[in-house]
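Subject: Handover of a structure and its findings

Dear colleague,

Please find the structure below, followed by an account of what was found in it. I would be grateful if you could read the two side by side.

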Amino acid sequence: QRQMIVEHPFGTIKRGLGMTYFLTKGMQSVKSEISFAFLAYNMKRALNILGIKEIMRRLTGILKNTCLFIMKPMENTME
């Protein structure tokens with residue numbers, strides 16, 4: 001059961017992202033490196049399942065609900 005659930009993402013990351021070994025040394029660095037790999041795996045999976053339009057729709061809904069606005073560039077007022 002564990003092999004079916006847990007081992008698949010590790011194999012996909014290893015084969016798909018080419019992560020056959022860690023590039024950094026030290027526990028903190030290795031944890032950061034594998035966290036980025038899992039983030040990339042999860043984002044790629046979400047894009048494949050939901051599609052880019054649905055992801056963008058959900059992200060814009062989150063931005064509106066949390067009062068995070070993207071600022072527009074200031075217009076050039078100098079002549």
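Glu-33 sits in helix α3, which covers residues 27-50; helices (H or I, at least four residues) and strands (E, at least two) are DSSP runs, numbered from the N terminus. The model is a predicted one, in which local features need pLDDT of at least 70 and side-chain atom pairs count only at pLDDT 80 or more, while totals for chains, interfaces and linings use all residues. Residues are numbered from 1 along each chain as its sequence is written, and side-chain values use heavy atoms, with hydrogens and water left out.

Glu-33 is buried but has no salt bridge. Here buried means under 20% relative accessible area, exposed over 50%, and partly exposed in between (1.4 Å probe, protein chains only). A salt bridge is a side-chain nitrogen of Lys or Arg within 4 Å of a carboxyl oxygen of Asp or Glu. For charge, Lys and Arg count as positive and Asp and Glu as negative, with His and the chain ends not counted. On that basis, the nearest side chain of opposite charge to Glu-33 is Lys-25, 12 Å away.

What lies beside Glu-33 instead? A polar atom of the Glu-33 side chain is 2.9 Å from the backbone nitrogen of Leu-23. Setting aside neighbours within four places in sequence, Glu-33 is in contact (heavy atoms within 4.5 Å) with Met-19, Tyr-21, Phe-22, Leu-23 and Thr-24.

Ile-34 also belongs to helix α3. With a relative accessibility of 22%, Ile-34 counts as partly exposed. When residues up to four places away in sequence are not counted, Ile-34 touches Met-19 and Phe-22. Ile-34 and Phe-22 are 12 residues apart in sequence, and their C-alpha atoms are 8.2 Å apart in space.

I turn next to the salt bridges. How many salt bridges does a search of the whole structure find? The search finds 2. In one, Arg-57 pairs with Glu-54, with the closest N and O atoms 2.6 Å apart. These two residues are 3 residues apart in helix α4 (residues 52-65), so about one helical turn separates them. Arg-57 is exposed, at a relative accessible area of 52%. In another, the side chains of Glu-54 and Arg-58 meet at 2.7 Å, N to O. Glu-54 and Arg-58 are 4 residues apart in helix α4, and about one helical turn lies between them. Arg-58 is partly exposed, with a relative accessible area of 45%.

The largest pocket holds about 180 Å³ of space. On a 1 Å grid over the protein atoms alone, a pocket is an open set of points where a 1.4 Å probe fits, with protein on both sides within 12 Å along at least five of seven lines; lining residues have an atom within 4 Å of a point. Grid points are joined across faces, edges and corners, and a volume is the space filled by probe spheres set on the points. The lining includes His-8, Thr-12, Tyr-41 and Arg-45. Helices α2 (7-16) and α3 each supply at least two lining residues, and α3 gives the most, with 5.

As for the whole protein, there are 4 helices and 0 strands. Of its 79 residues, 10% count as buried.

Yours sincerely

Note on methods: A polar contact is a pair of N or O atoms within 3.5 Å; within protein, one must be able to donate a hydrogen and the other to accept it, and residues adjacent in sequence count only if both atoms are side-chain atoms.
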